[in-house]
Amino acid sequence: LVEPQNPGNIGMVCRAMANFGVSDLRLVNPCDYLHPEARKFAVGAHPLLGSARTFPNLASAIADLRLSVATTRRGGRLRGELLDLAQVPTLRATLPTGGRMGLVFGREDAGLTSDEVALCSHAATVETCAEVGSLNLAQAVLLFVHEVTRRPMTHGEDVRKRSPQGELEALFGQMEKVLTRIAFLNPKRPEAVMNSLRRIHQRAALDARELGMLRGIWSQIDWSCRDWRGRKRGDD
């Protein structure tokens with residue numbers, strides 16, 4: 001949960017998780033999640049409040065995961081393709097044995113930002129009525145957790161050993177640094193390009209060898225262009 005604002009909602013999320021046997025709760029910069037109201041609404045699932053882990057930002061919260069699904073109502077060019085809720089369980093079959101997938105939910109009043117959606121490997125939505133489109137946080141968690149857990153966990157025959165998302169973030173950091181140096185990115189809106197590059201690499205499901213090769217390539221480019229003085233006036 002990214003910056004949840006209401007202790008009662010966190011408690012209801014715990015109850016929804018416990019209903020379907022989910023126990024790993026991660027909180028990014030939360031409100032007081034140990035507040036009595038959270039315990040009240042968690043009912044029998046209140047132990048999940050005590051075992052919840054907190055993180056300063058979303059990147060650190062999902063760094064060890066192989067897949068992460070941002071849940072969002074809003075689409076748009078910077079958010080990429082939105083999967084339907086029913087498609088989310090099929091992602092689990094692409095995980096290697098022992099690999100973990102996370103479901104990411106945003107703030108009660110504003111959801112996830114485009115940058116936070118871009119941090120995740122996938123994004124998904126629930127089709128709702130236009131008049132009252134947004135779901136309560138705990139209700140959204142209940143829908144996604146039910147959909148994901150009601151089907152048995154399976155692994156495909158040719159499962160790629162995707163790199164953890166934290167290792168991908170290191171690659172994206174290298175890329176952004178170099179692309180900024182050579183004036184390829186708009187410094188006011190680097191996400192316009194970087195979000196597209198993130199989606200390309202997420203679709204590729206890079207394994208450790210491929211990721212290492214790309215890190216080496218971008219390190220060499222970084223070293224090679226250190227003395228570059230920038231685009232000359234009149235260049236295309």
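# Loops, helices and pockets

Reader: Where does valine 43 lie?

Author: Valine 43 sits in a loop. Helices (DSSP runs of H or I, at least four residues) and strands (DSSP runs of E, at least two) are numbered from the N terminus. On that numbering, valine 43 is in the loop between α2 and α3 (47-51).

Reader: What kind of model is this?

Author: Residues are numbered from 1 along each chain as its sequence is written, and side-chain values use heavy atoms, with hydrogens and water left out. Local features need pLDDT of at least 70, side-chain atom pairs count only at pLDDT 80 or more, and totals for chains, interfaces and linings use all residues, since the model is predicted.

Reader: Is valine 43 buried, partly exposed or exposed?

Author: Buried means under 20% relative accessible area and exposed over 50%, with partly exposed in between (1.4 Å probe, protein chains only). Valine 43 has 43% relative accessibility, so its class is partly exposed.

Reader: What is the phi of asparagine 29?

Author: Asparagine 29 lies in the loop between β1 and α2 (36-42), and its relative accessible area of 44% makes it partly exposed. Valine 43 has a positive phi near 55° without being a glycine. Asparagine 29 is not a glycine either, and its phi is positive, at about 45°.

Reader: How many helices and strands does the protein have?

Author: The protein has 236 residues, and 42% of them are buried. Of its contacts (heavy atoms within 4.5 Å) with a separation of 6 or more, 83% join residues 24 or more positions apart. Its secondary structure comes to 10 helices and six strands.

Reader: How far apart are the end C-alpha atoms of α10?

Author: Helix α10 covers residues 208-224, which is 17 residues. The expected span is 1.5 Å times one less than the number of residues.

Reader: Within what arc do the buried residues of α10 fall?

Author: Glu210, Leu211, Leu214, Trp218 and Asp222 are buried in α10, whereas Ala208, Arg209 and Trp223 are exposed on the other side of the helix. The arc is that of the directions from the helix axis to the C-beta atoms. The buried residues line one face of α10, because seen down its axis they fall within 110°.

Reader: Which helices are among those that cover the buried residues of α9?

Author: α9 has 14 residues and reaches 19 Å between its first and last C-alpha, close to the 20 Å expected. Its buried residues are Met194, Asn195, Leu197, Arg198, His201 and Gln202. They fall within an arc of 160° seen down the axis of α9, so they line one face of the helix. The cover over these residues includes α6 (114-119), α8 and α10.

Reader: Which residues does leucine 179 touch?

Author: Leucine 179 lies in helix α8 and counts as buried because its relative accessibility is 8%. Its C-alpha is 9.9 Å from that of isoleucine 221, which is 42 residues away in sequence. Not counting residues up to four places away in sequence, leucine 179 touches Phe184, Leu185, Met194, Leu197 and Trp218.

Reader: What is the volume of the largest pocket?

Author: A pocket is an open set of points on a 1 Å grid over the protein atoms alone, where a 1.4 Å probe fits, with protein on both sides within 12 Å along at least five of seven lines; lining residues have an atom within 4 Å of a point. Points are joined across faces, edges and corners, and a volume is the space filled by probe spheres set on them. For the largest pocket the volume is about 690 Å³.

Reader: Which residues lie nearest the centre of the largest pocket?

Author: Ala, Val, Leu, Ile, Met, Phe, Trp, Tyr, Cys and Pro count as nonpolar, Asp, Glu, Lys and Arg as charged, and the others, including Gly, as polar. By class, the lining has 19 nonpolar, five polar and four charged residues. Of the 28 lining residues, the nearest to the centre are Val22, Asp24, Met101, Gly102 and Leu103.

Reader: Which element gives the most to the lining of the second largest pocket?

Author: The second largest pocket holds about 480 Å³ of space. Its 23 lining residues include Thr72, Arg73, Gly111, Ser134 and Leu135, the closest to its centre. By class, the lining has eight nonpolar, nine polar and six charged residues. With three residues, the element that gives the most is α7.
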